[in-house]
Amino acid sequence: MLALRPNCECCNKDLPPESAEARICSFECTFCVSCVESVLGGKCPNCGGEFVPRPRRPANKLSKSPASTERVYNPAGCGKAANIPVEPTFAAIAAQSAHLQG
């Protein structure tokens, strides 16, 4: 059963179980559609795999099979995938901020 992780590993955006914006790879690394398309170029920074939309668990099934509450946040991995320095510079922080603001 899928864990349905609660956030994007790249920007830490909340991705509740009913979110249509969640994307996962075959190892269930979880990212938002915005990071997948604009930061990661459709390729998982952890395994190199492709992304697919994460299925949404019906609300009436969540009580017996709840979504995970474990947050995985690894912006350094996303920075490497996007060629952003791991030690963020002012320009990198400004670029990430602009990305998050849409």
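The legends below describe close-up views of a predicted model.

Residues are numbered from 1 along each chain as its sequence is written, and side-chain values use heavy atoms, with hydrogens and water left out. Because the model is predicted, local features need pLDDT of at least 70 and side-chain atom pairs count only at pLDDT 80 or more, while totals for chains, interfaces and linings use all residues.

**View 1. Secondary structure of the protein chain.** The protein chain contains three helices and three strands, where helices (H or I, at least four residues) and strands (E, at least two) are DSSP runs numbered from the N terminus. Along the sequence these elements follow the pattern β-β-α-β-α-α. Of the 102 residues in the protein chain, 32% are buried; buried means under 20% relative accessible area, exposed over 50%, and partly exposed in between (1.4 Å probe, protein chains only). Among contacts with a separation of 6 or more, 59% are between residues 24 or more positions apart, a contact being heavy atoms within 4.5 Å.

**View 2. The three-stranded sheet.** The sheet is open, with strand order β2-β1-β3 and antiparallel pairing. Its edge strands are β2 and β3 (52–53), each of which pairs on one side only. Two strands pair if DSSP finds at least two bridges between them. Strand β1 (residues 22–24) is joined to β2 by three bridges, and these strands run antiparallel. Alanine 22 stands opposite cysteine 32 in β2.

**View 3. Surroundings of isoleucine 24.** Isoleucine 24 belongs to strand β1. Because its relative accessible area is 6%, isoleucine 24 is buried. Beyond residues up to four places away in sequence, isoleucine 24 touches Leu2, Cys29, Thr30, Glu50, Phe51, Val52, Arg54 and Pro55. The C-alpha atoms of isoleucine 24 and proline 53 are separated by 6.4 Å, although these residues are 29 residues apart along the chain.

**View 4. The largest nonpolar core.** This core has 16 residues, and those with the most contacts inside it are Cys8, Cys10, Phe31 and Phe51. Strand β2 (30–32) and helix α1 (33–38) each supply at least two residues of this core. A nonpolar core is a set of buried Ala, Val, Leu, Ile, Met, Phe, Trp, Tyr and Cys residues joined through side-chain atoms within 4.5 Å. Alanine 76 lies in helix α2 and is partly exposed, because its relative accessibility is 32%.

**View 5. Arginine 57, a buried charged residue.** Arginine 57 is located in the loop between β3 and α2 (75–81). This residue is buried yet has no salt bridge, and the nearest side chain of opposite charge, glutamate 28, is 6.6 Å away. For charge, Lys and Arg count as positive and Asp and Glu as negative; His and the chain ends are not counted. A polar atom of the arginine 57 side chain lies 2.6 Å from the backbone oxygen of leucine 2. Leaving aside neighbours within four places in sequence, the contacts of arginine 57 are Met1, Leu2, Leu4, Pro17, Leu62, Ser65, Pro66 and Ala67.

**View 6. The salt bridges.** The whole structure holds three salt bridges, each defined as a side-chain nitrogen of Lys or Arg within 4 Å of a carboxyl oxygen of Asp or Glu. Glutamate 9 and arginine 5 form one of them at 3.4 Å, N to O. Glutamate 9 is buried, at 4% relative accessibility, whereas arginine 5 is partly exposed, at 21%. In the salt bridge of lysine 13 with glutamate 21, the closest N and O atoms are 2.4 Å apart. Lysine 13 is partly exposed, at 33% relative accessibility, and glutamate 21 is partly exposed as well, at 34%. Arginine 71 and aspartate 14 meet at 2.8 Å, N to O. Arginine 71 lies in the loop between β3 and α2 and aspartate 14 in the segment before β1, so this pair ties together parts that are 57 residues apart in sequence.

View 7. Most residues other than glycine have a negative phi. Leucine 4, which is not a glycine, has a positive phi of about 55°. Leucine 4 is placed in the segment before β1 and is buried, at 2% relative accessibility. Glutamate 28 has a positive phi near 70° and is placed in the loop between β1 and β2. Because its relative accessible area is 12%, glutamate 28 counts as buried.

Key:
A polar contact is a pair of N or O atoms within 3.5 Å; within protein, one must be able to donate a hydrogen and the other to accept it, and residues adjacent in sequence count only if both atoms are side-chain atoms.
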